[in-house]
Amino acid sequence: MSAVTADRKLMRGAAGSDRRFAALSHFLLILWSVIVIVPMLWVLVSSFKSTGEILSSPFTLPDHWRLENYAHAWSDANIGKYFLNSVVIVVSALFLVMLLGSMCAYILARFTFPGRRLIYYVMLAGLTFPVFLAIVPLFFQLQNLGLLNTRLGLILTYVAFALPFTMFFLYSFFRSLPHDVYEAALIDGAGDWRAFFQVMLPMASPGMAAVAIFNFLGLWNQFLLPVALNTDQSKWVLTQGMAAYASSQVYDVDYGALFAAIVITVVPVLAVYVVFQRRIAGSVSQGTFR
């Protein structure tokens, strides 16, 4: 009886510890959510106010919801042009890095050849290389190639820096795919290219979706590379335009339009994350390294 009583006390103690841990975890998550959500809501509400309303009553709802703030930010501050530049550059870079990264990960994961492990670790080392150390060499390299201050130069730079992460993330997905499916495709007459694009690549779609989202978030918010390598104002991306617009106001700041520009910048990233958040979680759990 004493042993049974001890076991019950131990189980009650463990259950109590689990409840306390769950309560603490929920409290920290709620606190973190408040810290993140409240500033975002404040920026959203402020984007519909005038400068006077923001300065006099920053935490109240606007008397008049000013949609013209978004029109002013989009056209007068050229945020629309910078937004379109960002879309063209980021989407082009994302397409290339997903294509090249998936092919590289597939070859390294599924085929054995001399130097395979060396290539993998060299690519992996690219994850540890800080971006700011490459700015000066990149500047002169693009200048020598005639790609400085061009969209193509910025796209290729984005691809180069996103490629190691893409390869590393997808490597485990392709390595975990069954060999029988690939062999069946070859028996049915498919070549290596067709087997990759029509069979193996669709099977790795959860990982492809997750890494595409991560790359989109990183490329959309990129600031250091465009500032150093893309000084032509007509080709500025959104982060450059936002920084220039905020600094050009000096003492005569149109805070309503400024907050509207911030909302325009954040909405695409937020929308992508909200739509695909479940796919991110599922893909990370499936893509364990082997």
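Predicted model: local features only at pLDDT ≥ 70, side-chain atom pairs only at ≥ 80, totals over all residues.
Colleague: Okay, which residues line the second largest pocket?

Modeller: Here's the set: Ile37, Pro39, Met40, Leu41, Val43, Leu44, Ile262, Val263, Val266, Val267 and Leu270. Two elements, α1 (2-46) and α13 (255-286), each give two or more residues to that lining. The largest share is six residues, and it comes from α1.

Colleague: What makes you count residues of that lining as nonpolar?

Modeller: Go by residue type: Val, Leu, Ile, Met and Pro all count as nonpolar. The tally is 11 nonpolar, no polar and no charged residues.

Colleague: And how much space lies in the largest pocket?

Modeller: About 320 Å³. Its lining has 16 residues, with Val131, Tyr158, Ala160, Phe161 and Ala162 nearest the centre. The elements giving two or more residues there are α7 (151-176) and α10 (205-220), and α7 has the largest share, with six.

Colleague: What is the make-up of the largest pocket's lining by class?

Modeller: There are 12 nonpolar residues, four polar ones and no charged ones.

Colleague: Let's switch to charges. How many salt bridges does the count come to?

Modeller: Two. In general, side chains of opposite charge can pair when their charged atoms come close.

Colleague: Why is the contact of Arg66 with Glu68 called a salt bridge?

Modeller: The closest N and O atoms of Arg66 and Glu68 are 3.5 Å apart. The cut-off is within 4 Å, so the pair qualifies.

Colleague: How do you know that Lys235 and Asp232 pair up too?

Modeller: Their closest N and O atoms are 2.9 Å apart. That is also within 4 Å, so the Lys235 and Asp232 contact counts as a salt bridge.

Colleague: Why is Arg66 called partly exposed?

Modeller: Its relative accessibility is 27%. Buried needs under 20% and exposed needs over 50%, so Arg66 falls in between.

Colleague: What about Glu68: buried, partly exposed or exposed?

Modeller: Glu68 has a relative accessible area of 40%. That value is also between 20% and 50%, so Glu68 is partly exposed.

Colleague: And what is the relative accessible area of Asp232?

Modeller: For Asp232 the value is 27%. By those cut-offs Asp232 is neither buried nor exposed, so partly exposed is the label.

Methods
Residues numbered from 1 in each chain as written. Heavy atoms only, no water. 1 Å grid on protein atoms, 1.4 Å probe; cavity = no way out; pocket = protein on both sides within 12 Å on 5 of 7 lines; lining within 4 Å. Points joined across faces, edges and corners; volume = space filled by probe spheres on them. Helix = DSSP H or I, 4+ residues; strand = E, 2+ residues; numbered from the N terminus. Salt bridge = Lys/Arg side-chain N within 4 Å of Asp/Glu carboxyl O. Buried < 20%, exposed > 50% of the residue type's maximum accessible area, 1.4 Å probe, protein only.
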